[in-house]
Amino acid sequence: MIHYHVGLAKRKRTLIIQASDNVDCLSCELCHYMGVHNTTKVQLRQNRYEILDLVQQLWPSTYGGLKYAVVE
């Protein structure tokens, strides 16, 4: 497992889950910085729709209309 900095962004109807080992490599289009997590990109990809469901519950005004999720 790697310590990834995880951030959330959105493009059109898609949640973008960004993960990088360097916080400076995260996009400037982030809506939320989620901190550092011990995970892999494979795990994030496997759980991307569960993450989408969770963030839609937490921030419905920001992520409510999204249909898709991808990991970058």
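This briefing describes a pocket, a surface patch, a salt bridge and several individual residues of one structure. The model is a predicted one. Its largest pocket holds about 170 Å³ of space, and the lining of that pocket includes no charged residues. A search of the whole structure finds one salt bridge, formed by Glu72 and Arg11.

**The largest pocket**

- The lining of the largest pocket consists of Val6, Leu8, Ile17, Met34, His37, Thr39, Leu44, Ile51, Leu54, Val55 and Leu58.
- By class, nine of these lining residues are nonpolar and two are polar, while none is charged.
- Three elements each supply at least two lining residues: strand E1 (2-11), strand E3 (32-39) and helix H2 (48-58).
- Helix H2 gives the most to the lining of the largest pocket, with four residues.

**Two lining residues in more detail**

- Leu44, one of the residues that line the largest pocket, is found in helix H1, which spans residues 41-46.
- Leu44 counts as buried because its relative accessibility is 8%, and the cut-off for a buried residue is under 20%.
- From C-alpha to C-alpha, Leu44 lies 21 Å from Pro60 in space, and the two are 16 residues apart in sequence.
- His37, also among the lining residues of the largest pocket, is located in strand E3.
- With a relative accessible area of 34%, His37 is partly exposed.
- His37 and Ile2 are 35 residues apart along the chain, and their C-alpha atoms are separated by 7.9 Å.

**The salt bridge**

- In the salt bridge between Glu72 and Arg11, the closest N and O atoms are 2.9 Å apart.
- Glu72 lies in the segment after strand E4 (68-71) and Arg11 lies in strand E1, so the pair ties together parts that are 61 residues apart in sequence.
- Both partners are partly exposed: Glu72 has a relative accessible area of 36%, and Arg11 has a relative accessibility of 35%.

**The nonpolar surface patch**

- Val23, Tyr33 and Val36 make a nonpolar surface patch of about 250 Å².
- Val23 counts as partly exposed because its relative accessibility is 37%, whereas a residue is classed as exposed at over 50%.

**Two lysines**

- Lys12 is placed in the loop between strands E1 and E2.
- The phi angle of Lys12 is near 50 degrees, which is a positive value in a residue other than glycine.
- Lys12 is exposed, as its relative accessible area is 83%.
- Lys41 is found in helix H1, the helix that also holds Leu44.
- At 24% relative accessibility, Lys41 counts as partly exposed.
- The C-alpha atoms of Lys41 and Val6 are separated by 10 Å, and the two residues are 35 residues apart along the chain.
- Val6 itself is one of the residues that line the largest pocket.

Definitions and conventions. Residues are numbered from 1 along each chain as its sequence is written. This is a predicted model: local features need pLDDT of at least 70, side-chain atom pairs count only at pLDDT 80 or more; totals for chains, interfaces and linings use all residues. Side-chain values use heavy atoms; hydrogens and water are left out. On a 1 Å grid over the protein atoms alone, a cavity is a set of points where a 1.4 Å probe fits but cannot get out, and a pocket is an open set with protein on both sides within 12 Å along at least five of seven lines; lining residues have an atom within 4 Å of a point. Grid points are joined across faces, edges and corners, and a volume is the space filled by probe spheres set on the points. Ala, Val, Leu, Ile, Met, Phe, Trp, Tyr, Cys and Pro count as nonpolar, Asp, Glu, Lys and Arg as charged, and the others, Gly among them, as polar. Patches are made of residues with over 30% relative accessible area and no salt bridge: like charges are joined within 9 Å, nonpolar side chains (Val, Leu, Ile, Met, Phe, Trp, Tyr) within 5 Å. Accessible areas come from the Shrake-Rupley method with a 1.4 Å probe; for residues, only the protein chains shown count as cover. A salt bridge is a side-chain nitrogen of Lys or Arg within 4 Å of a carboxyl oxygen of Asp or Glu. Buried means under 20% relative accessible area, exposed over 50%, partly exposed in between (1.4 Å probe, protein chains only).
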